[in-house]
Amino acid sequence: MAVTPWGPDFAGLARQDPELAGIILSEIDRVSGGLQLIAAENYASPAVLAALASPLANKYAEGYPGARHHGGCEIVDIAERVAQDRAKALFGAEHANVQPHSGSSAVLAAYAALLRPGDTVLAMALPHGGHLTHGSPANFSGRWFDFIGYGVDPATGLIDYEQLRGLAHAHRPKAIVCGSISYPRHLDYAAFRAVADEVGAYLIADAAHSIGLVAGKAAPSPVPYADVVCATTHKVLRGPRGGMLLCGAELAERVDRAVFPFTQGGAQMHSVAAKAVAFGEAAAPAFTAYARRVVANARLLADALVGEGLAVTTGGTDTHMITADPAPLGLDGRTAKGRCAAAGIVLDTCALASATDPRGCVKGLRLGTAAVTTQGMGAPEMERIANLMGTVLRDEGVVREKVAELAGRFPPYPDEGRIMQPSEGVGRL
Ligand SMILES: *Cc1c(COP(=O)(O)O)cnc(C)c1O
């Protein structure tokens, strides 16, 4: 089997299905020809991608190691135990469930383990950085629970812990959720725990973004404070797309039953194996160095973006993530994102609490340094990225080729050139 960085036998796929092979090649071209600054994205290692593309994808495995509904699970049981043990060791947790298919399914399972429909939950308001699963009316969370939103101080962008405490005492929630899609600073988990204890609430940490920094010792861990920690494995952590739950021994059985059989059927064993590979990588000293570089790069990029005239929320970052309002340049987030996209700079918009906008909320930009740091970029490149973004946002010239030149010097998969030679009959889109 010819092994490529993204799985076995790409040449075979290209021969059998040139249409799909062409689509995959085009996506690889898109990614490697631009700057990927989406805060939730990263490049999983060739080893993680190889596990994902392995025949473990074929195995049905409902249940847990040693207690499956399907036969023939003796090998994948070992893979899942390795993944659990590595996760427990990496995060210092008593129990790990590595089966959630995504971050959202991990959150759903955490709610299912601790709550009943109709319960009151206190979470970050969506316009201030809450995730869909923190009470959006379009999501199961908003439909099945009564969400109350806390937020940030619009003037500083920092979480208003006094408001949180006041809302907790007024509404007596069954659970408090901490974690955000766009908060660039560390969370004060001790403060969240104290408020939860004052009102007898569970504390659920949705560490989807920060868990990779926690693994690399570049962010505080929610594990000692939260009753249940929800996470993804594909953001800074650099594993396969998927979710994970961590908790103490006393909630282990409730959490496991909330994942299977309550919210999911069979585990995806290729993904479980790939999570184990990622946990193994994250336990190595090289990952600690990576996590530190991710944060150092984000700080440099944030400073440089201030220099380019953007209003960086909270004045900087503690993490891989930067949020910024492009209003000082006369742009809203949507227009700014579009201009960047046309230049090959890929980032997101996000909602930002605003003290100056009468609606109290504006559309800003959200970007992160996890992917570009995996590519090997450092301080000079962060300066360059900010400079290219400033040029684009001020409409001072065309930078598409300069972006491609910079990206081209840092290929995400260094031997892709050798492996991804265009095969005969495979057309790029
Ligand atoms: C990314 C994210 C999720 C959801 O992850 P998916 O894998 O996309 O379902 C949940 N919560 C937070 C805070 C996130 O950032």
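Author: The close look

Arg 68 touches Ala 61, Glu 62, Gly 63, Cys 73, Val 76, Asp 77, Glu 80, Gln 99 and Met 269, with residues up to four places away in sequence left out. The model is predicted. Arg 68 belongs to strand S5, residues 67–68. Is Arg 68 buried or exposed? Arg 68 counts as buried because its relative accessible area is 14%, and the cut-off for buried is under 20%.

Which side chains does that of Arg 68 meet in polar contacts? One is the side chain of Asp 77, at 2.7 Å. Another is the side chain of Glu 80, at 2.7 Å.

Now step out to the helices. Helix H4 covers residues 74–91, and helix H11 covers residues 269–282. Their axes come within 8 Å and cross at roughly 35 degrees. The crossing of H4 and H11 is left-handed. From H4, the contact takes in Val 76, Ala 79, Glu 80, Val 82, Ala 83, Arg 86, Ala 87, Leu 90 and Phe 91. From H11 come Met 269, Val 272, Ala 276, Val 277, Phe 279, Gly 280 and Ala 282. By type, the contact of H4 with H11 divides into 13 nonpolar residues, one polar and two charged.

The link back to the start is direct. Val 76, Glu 80 and Met 269 take part in the contact of H4 with H11, and these residues also touch Arg 68.

Next, helix H5. H5 runs over residues 103–114 and has 12 residues. From first C-alpha to last, H5 reaches 17 Å, close to the 16 Å expected at 1.5 Å a residue. How many residues of H5 are buried? The count is 10 of 12, and H5 is mostly covered. Among them are Gly 103, Ser 105, Val 107, Leu 108, Tyr 111 and Leu 114. Ser 102 caps the N-terminal end of H5. A side-chain oxygen of Ser 102 lies 3.3 Å from the backbone nitrogen of Ser 104.

H12 gives Asn 297, Leu 300, Leu 301, Ala 304 and Leu 305 to the contact. H15 gives Ala 379, Met 382, Glu 383, Ile 385, Ala 386 and Met 389. The contact of H12 with H15 holds nine nonpolar residues, one polar and one charged.

Asp 395 sits in the loop between H15 (379–393) and helix H16 (400–408). Asp 395 has a phi near 60 degrees, a positive value in a residue other than glycine. Asp 395 counts as exposed because its relative accessibility is 58%. Arg 172 has a positive phi too, near 45 degrees. Arg 172 lies in the loop between helix H7 (161–171) and strand S9 (175–178). Its relative accessibility is 47%, so Arg 172 counts as partly exposed. One more backbone point: the peptide bond from Phe 260 to Pro 261 is cis, with omega near 10 degrees. Pro 261 is found in helix H10, residues 252–263.

Ile 148 is in strand S8, residues 146–150. Ile 148 counts as buried because its relative accessibility is 16%. Outside four places in sequence, Ile 148 is in contact with Thr 120, Val 121, Leu 122, Ala 123, Leu 167 and His 171.

Ser 354 sits in the loop between strand S16 (348–353) and strand S17 (361–368). Ser 354 counts as buried because its relative accessibility is 8%. Its contacts, beyond neighbours within four places in sequence, are Pro 154, Gly 360, Cys 361 and Val 362. Where does the side chain of Ser 354 reach? It reaches the backbone nitrogen of Thr 356 at 3.1 Å. It also reaches the backbone nitrogen of Asp 357, at 2.9 Å.

Conventions: Residues are numbered from 1 along each chain as its sequence is written. This is a predicted model: local features need pLDDT of at least 70, side-chain atom pairs count only at pLDDT 80 or more; totals for chains, interfaces and linings use all residues. Side-chain values use heavy atoms; hydrogens and water are left out. Axes are lines fitted to C-alpha atoms, for helices over the stretch in contact, and angles run from 0 to 180 degrees between N-to-C directions. Helices (H or I, at least four residues) and strands (E, at least two) are DSSP runs, numbered from the N terminus. A crossing is left-handed if the near helix is turned anticlockwise from the far one by less than a right angle, and right-handed if clockwise. Contact means heavy atoms within 4.5 Å. Ala, Val, Leu, Ile, Met, Phe, Trp, Tyr, Cys and Pro count as nonpolar, Asp, Glu, Lys and Arg as charged, and the others, Gly among them, as polar. The expected span of a helix is 1.5 Å times one less than its number of residues. Buried means under 20% relative accessible area, exposed over 50%, partly exposed in between (1.4 Å probe, protein chains only). A polar contact is a pair of N or O atoms within 3.5 Å; within protein, one must be able to donate a hydrogen and the other to accept it, and residues adjacent in sequence count only if both atoms are side-chain atoms.
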